Amino acid sequence: MRNKITVVGGGNVGASCAVNLAYKELGDVVLVDVVEGVPQGKGLDMLQMGPVEGYDVRITGANDYEPTANSDVVVITAGLARKPGMSRDDLLMANHQVVKSVTEQVVKYSPNCFLVLVTNPLDAMCWTAFQTSSFPKNRVMGMAGVLDSARFRTFIAQELDVSVENVTAVVMGGHGDTMVPIVRLSNVSGIPLTELIEPAKLAAIVDRTRNGGAEIVKYLKTGSAYYAPSASAVEMVESILKDKKKVLPCAAYLEGEYGIQGLFVGVPVKLGANGIEKIYQFQLTDEEKGMLAKSAASVEELVSILKTKG
Ligand SMILES: NC(=O)c1ccc[n+]([C@@H]2O[C@H](COP(=O)([O-])OP(=O)(O)OC[C@H]3O[C@@H](n4cnc5c(N)ncnc54)[C@H](O)[C@@H]3O)[C@@H](O)[C@H]2O)c1
């Protein structure tokens with residue numbers, strides 16, 4: 001039996017996810033979007049790439065959720081981009097409504113699936129999906145840390161002129177400018193980063209990582225990054241479906257870990273056939289604890305708006 005993966009939102013991130021899933025032959029893919037014809041057209045186009053690339057998966061597009069029935073994993077990328085005149089809170093409420101309605105439909109047809117959230121503001125949207133689905137916490141997670149640490153690893157490898165494969169970077173916290181790169185534990189084949197890069201340069205790399213998304217938006221002008229984000233979401237899906245048990249930084253529902261209660265925040269987790277199989281807790285320095293608490297507070301601010309207005 002092949003696995004079945006649904007990707008909701010057939011825009012830049014969603015379509016790119018579908019292509020990556022097909023390349024890796026992780027399962028049959030259903031692409032869902034509200035815009036009529038777009039998921040069907042993109043799906044057919046991707047299907048026709050199969051003979052060239054040599055993948056044997058079915059890729060279909062839909063505007064409704066019946067074809068998504070019994071999906072093993074559902075990746076949610078549906079959402080609106082911020083429009084001129086729209087406040088951060090307006091965007092929060094708009095995407096909350098999108099994620100809420102998408103989750104209701106997804107859950108109706110795939111009550112046993114794993115939910116991987118991508119829509120921003122990421123940590124708050126995980127909370128929306130968690131509340132709406134009533135799924136256990138091992139089945140709801142968000143993609144941000146894999147991307148943030150990939151960006152960090154890229155810049156470190158570039159700086160040292162070494163393979164990206166040798167760079168391990170630990171990033172925690174919420175997605176966005178309050179993310180917490182744990183420089184102390186990042187290394188190149190076991191050699192601490194702090195021994196390889198001088199502090200000022202390292203601080204500049206951390207800063208560039210924090211603003212990694214904005215740097216790309218500035219170039220693109222309309223739209224935001226999607227190649228690395230979609231590959232990051234697919235790494236999570238792969239770890240679940242192949243039970244690889246990769247330890248990845250993901251947004252997970254915390255119940256007291258790191259002193260954080262009832263929020264989704266990025267922490268290292270083990271991803272396997274049971275979704276989030278373990279949340280790793282380790283000793284942070286006081287400075288790191290402070291940064292993580294600040295990051296969690298910014299997630300809490302958004303969630304409290306959802307609790308009152310949503
Ligand atoms: N977590 C991360 O690290 C990360 C990285 C990149 C992008 N993102 C976020 O991912 C989301 C998607 O980004 P994108 O670049 O693909 O945007 P996009 O505008 O290209 O695509 C979004 C798609 O969602 C669809 N959509 C809107 N409402 C829908 C609904 N109710 N049901 C189904 N589909 C619906 C739209 O029609 C559109 O095709 C954004 O919220 C973006 O901020 C997150």
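1. A backbone N or O atom of Met 143 lies 2.8 Å from a nitrogen atom of the ligand, a polar contact in the sense used here (a pair of N or O atoms within 3.5 Å; within protein, one must be able to donate a hydrogen and the other to accept it, and residues adjacent in sequence count only if both atoms are side-chain atoms). The protein covers 83% of the 860 Å² of accessible area that the ligand has on its own, with such areas taken from the Shrake-Rupley method with a 1.4 Å probe, where for residues only the protein chains shown count as cover.

2. The model is a predicted one, in which local features need pLDDT of at least 70 and side-chain atom pairs count only at pLDDT 80 or more, while totals for chains, interfaces and linings use all residues. Residues are numbered from 1 along each chain as its sequence is written, and side-chain values use heavy atoms, with hydrogens and water left out.

3. The ligand is surrounded by 23 residues, the closest being Asn 12, Val 13, Asp 33, Val 118 and Met 143, where a residue counts as near if one of its heavy atoms lies within 4 Å. This shell has 13 nonpolar, nine polar and one charged residues, with Ala, Val, Leu, Ile, Met, Phe, Trp, Tyr, Cys and Pro counted as nonpolar, Asp, Glu, Lys and Arg as charged, and the others, Gly among them, as polar. Helix H1 (12-23) and helix H4 (88-109) each supply at least two residues of the shell; helices (H or I, at least four residues) and strands (E, at least two) are DSSP runs numbered from the N terminus.

4. The axes of H4 and helix H5 (residues 122-133) come within 9 Å and cross at roughly 35°, the axes being lines fitted to C-alpha atoms, for helices over the stretch in contact, and the angles running from 0 to 180 degrees between N-to-C directions. The residues of this contact divide into six nonpolar, six polar and two charged.

5. A cis peptide bond, with omega of about -5°, joins Asn 120 and Pro 121, and Pro 121 lies in the loop between strand S5 (114-117) and H5. Ser 189, in the loop between strand S10 (187-188) and strand S11 (191-192), has a positive phi near 45°. Most residues other than glycine have a negative phi, and most peptide bonds are trans.
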